[in-house]
Amino acid sequence: MKVTMRVDGADVAAEIDRPGESLLATLRDRLGRTGSKNACEQGECGSCTVLLDGAPVCSCLVATAQCEGRDVKTVVGAVPRPVRDAFVQCGAVQCGFCTPGLLVSVADLLGRNGDPSDLDIREALAGNLCRCTGYEKIIDAVHTAAAGLAGEPR
Amino acid sequence: MTAAAPARFDFHRPAAVAEAVRLLAEHPEAVPVAGGTDLMVAVNYRLTRPEAMLDLTGLDELRDWTDEGDTVRIGSGVPYARITAELAAVLPGLAAAARTVGSPQIRSRGTIGGNLATASPAGDAHPPLLATGASVEIASTEGVRHVPIGEFYLGPKRSALRPGELITAVTVPKAAGPQQFLKVGTRNAMVIAVCSFALALDPETRRLGTGIGSAGPVPLTAPDAEAVELPWSDPGRFDDALADEFGRRVAAAARPIDDVRGTADYRRHALAVCAARALRRVWTAAHERNPR
């Protein structure tokens, strides 16, 4: 079965061979787009987070066949530069495995709320697990990214 | 060594409910999928390998809610994120419960119809639906039927939904007064409830509605607790002893077991605490709103 969708701005087609194939599997194994990470495959960890028609979702829980004609943005296409830079600057990346998912969730949050409080950030990132940083530096990075985006002409 | 798997399978994408129920009747092997937050976990863990699926996300009829006067009809495909964002004023109990589901990623996808169809005793939508006396709308090629929420849950992950049927909506009475939803877990996100409790107070009819989650084979109500006598003519007489009595009656209505998330004893204790707290909160809110 052929599924066509838009991924990070490009029209792509994938041939899948079972109805339950996940969007994450298709992105990584068929399309070679390995930015979204595979960890828990049960929607717990958020490392596979992508924007599906603009909404943050775990790509491991989306059936690829549900994505016909839809818009998918991974860490490659969803994240403004200041968000990435802030993660590096603030030491919010250690092993880095959770980082792509976190960046997508942060991009989604800052798209809705340009100046989030710590509580807003914690609620928005509750579905992204990081076992290295202890989260404090990630929260610093979100504030830094928010300031960076606010200072950037759009 | 593995032979090439036959690449033949069906993925049905109906555009209308009538087409969906017809496809379901013709292809009973097709597994309906909406947000996928339950089904895809089972697929990823090889617990199920559907040879055919029926995608509900293309059914616009299921993806909106409508104001019906005294009630709100919520299409079964409305995700939790929208219930939280759009229905908090009219359905505060359900909106509060929806906000505790999983994470933002899960709430973007997970639907109220999926919560009902899975019928886990721990599903977060169930207690507020029970407390408010909601009704489940179910369609098949035979037509549409409505099942009162109290008759919907039949056992752990078993419901009144029959083969060939689709949940199309749930109709929830608008809040007539303060409502509460409390959930016990190890953190505020990504938690399957250890136990949960919903309470709805209607100051006009002087009625309480209750719903207990994750503390029995099915979501339960607590009729004895709903019958507790409240000091309507002299609200100031409401005290902790009364709240505690309410909590005891709620705990007595639960039928919990020991499992990985908690013991039966802990669940009964936590329910008593949550129920007493919920009653204090709704009583206070009702009498701040309508000073007598």
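Modeller: Buried means under 20% relative accessible area. The model discussed here is predicted.

Colleague: Why is S214(B) called buried?

Modeller: S214(B) has a relative accessible area of 6%, and the cut-off is under 20%, so S214(B) counts as buried. S214(B) sits in the loop between β13 (207–213) and α8 (223–226) of chain B.

Colleague: What makes the phi of S214(B) worth a remark?

Modeller: The phi of S214(B) is positive, about 60 degrees, although S214(B) is not a glycine. E41(A), also not a glycine, has a positive phi near 55 degrees.

Colleague: Is E41(A) buried or partly exposed, and how do you know?

Modeller: Its relative accessibility is 24%. E41(A) belongs to the loop between α1 (23–30) and β3 (49–52) of chain A.

Colleague: Why does H126(B) count as buried?

Modeller: H126(B) has 0% relative accessibility; the limit is under 20%, and therefore H126(B) is buried. H126(B) lies in helix α7 (residues 126–132) of chain B. Beyond neighbours within four places in sequence, H126(B) is in contact with N115(B), L116(B), A119(B), S120(B), Y153(B) and P219(B). For N115(B), the backbone oxygen is 3.5 Å from a polar atom of the H126(B) side chain.

Colleague: What makes D17(A) and R30(A) a salt bridge?

Modeller: The closest N and O atoms of D17(A) and R30(A) are 3.4 Å apart. The rule asks for a side-chain nitrogen of Lys or Arg within 4 Å of a carboxyl oxygen of Asp or Glu, so the pair qualifies as a salt bridge. D17(A) is in the loop between β2 (10–15) and α1 of chain A, and R30(A) is in helix α1, 13 residues apart. At 38% relative accessibility D17(A) is partly exposed, and R30(A), at 37%, is partly exposed.

Colleague: How do you know that D53(A) and R70(A) tie together separate parts of the chain?

Modeller: Their side chains meet in a salt bridge at 2.8 Å, N to O. D53(A) lies in the loop between β3 and β4 (55–58) of chain A, and R70(A) in the loop between β4 and β5 (71–73), so the pair joins parts that are 17 residues apart in sequence. D53(A) has 45% relative accessibility and R70(A) has 21%; each value falls between 20% and 50%, so D53(A) is partly exposed and R70(A) is partly exposed.

Colleague: Which salt bridge does the rule find across the interface of chain B and chain A?

Modeller: The rule finds one, between the side chains of R99(B) and E123(A), at 2.6 Å, N to O. The pair crosses from helix α4 (residues 92–99) of chain B to helix α5 (residues 118–124) of chain A. R99(B), with a relative accessible area of 47%, is partly exposed, and E123(A), at 31%, is partly exposed. Elsewhere, salt bridges that share partners join D17(A), E21(A) and R30(A) into one network.

Colleague: How many residues does the contact between the chains take?

Modeller: Chain B gives 33 residues and chain A gives 36. Together the chains bury about 2,600 Å², 55% of it on carbon and sulfur atoms. F9(B), Q105(B) and R109(B) supply 25% of the area that chain B buries against chain A, more than any other three residues.

How values were computed:
Residues numbered from 1 in each chain as written. Chains lettered and ligands numbered in written order. Predicted model: local features only at pLDDT ≥ 70, side-chain atom pairs only at ≥ 80, totals over all residues. Heavy atoms only, no water. Contact = heavy atoms within 4.5 Å. Buried area = accessible area lost by both parts, 1.4 Å probe. Helix = DSSP H or I, 4+ residues; strand = E, 2+ residues; numbered from the N terminus. Buried < 20%, exposed > 50% of the residue type's maximum accessible area, 1.4 Å probe, protein only. Polar contact = N/O pair within 3.5 Å; in protein donor to acceptor, adjacent residues only side chain to side chain.
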